[in-house]
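Work through the following exercises on charged side chains with the structure open beside you. Each task is followed by a solution that goes step by step.

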Amino acid sequence: MPIKYLLDENLPPSYQEQLLRRLPDLKVLIVGDTDAPQKGTLDPEILCWCEENGFILVTNNRNSMPLHLRDHLMQGRHIPGILAFRKKFTMGQIIEDLILIALAAEDEEYRDILSYIPLLSSQKSEK
């Protein structure tokens, strides 16, 4: 199954635009898009939507998302994955990693885990 991304509503639309410019066939929705959850949808509901629709969540919510993921998994549910931004990053680093993941990730490689992107950093990386 190809990678599909749901971008958190707090991310600028330029992330979606840049990803689609680089990989036009990539499925990238942002919360608030027609086929995505509505703006203001609570995080636990976003996780359920991602599970039901096969989307990896891309977010800058490093604080509460680990707790939401834990609760989601404790309910016996699953998620294709969550990619959360590190504190120090550039948009270019994030876009490059999202493209790399879309092109190279194995099936279910990110299933039920929260990974921080950029994946590798030459700087000291903080979550």
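A salt bridge is a side-chain nitrogen of Lys or Arg within 4 Å of a carboxyl oxygen of Asp or Glu. The model to which this criterion is applied here is a predicted one.

**Exercise 1.** Determine which parts of the chain are tied together by the pair Arg 77 and Glu 52.

Solution. The side chains of Arg 77 and Glu 52 meet at 3.4 Å, N to O, and this counts as a salt bridge because the cut-off is 4 Å. Since Arg 77 lies in the loop between H3 and E4 whereas Glu 52 belongs to helix H2, the pair ties together parts that are 25 residues apart in sequence.

**Exercise 2.** Find the network that Arg 77 belongs to, and classify the accessibility of its members.

Solution. Begin with the salt bridge between the side chains of Glu 51 and Arg 77, with 2.6 Å from N to O. Salt bridges that share partners then join Glu 51, Glu 52 and Arg 77 into one network. As for accessibility, Glu 51 is partly exposed at 25% relative accessible area, Arg 77 is likewise partly exposed at 23%, and Glu 52, at 56%, is exposed.

**Exercise 3.** Locate Glu 106 and decide whether this residue is buried or exposed.

Solution. Glu 106 is found in the loop between helix H4 (91–104) and strand E5 (114–117). Its relative accessibility is 58%, so Glu 106 counts as exposed, the threshold being over 50%. Together with Asp 107, Glu 108 and Glu 109, Glu 106 forms a negative surface patch.

Technical notes: Residues numbered from 1 in each chain as written. Predicted model: local features only at pLDDT ≥ 70, side-chain atom pairs only at ≥ 80, totals over all residues. Heavy atoms only, no water. Patch = residues over 30% accessible without salt bridge, like charges linked within 9 Å, V, L, I, M, F, W, Y side chains within 5 Å. Areas by Shrake-Rupley, 256 points an atom, 1.4 Å probe, with all protein chains shown as cover. Lys, Arg positive; Asp, Glu negative; His and termini not counted. Charge placed at Lys NZ, Arg CZ, Asp CG, Glu CD. Helix = DSSP H or I, 4+ residues; strand = E, 2+ residues; numbered from the N terminus. Buried < 20%, exposed > 50% of the residue type's maximum accessible area, 1.4 Å probe, protein only.
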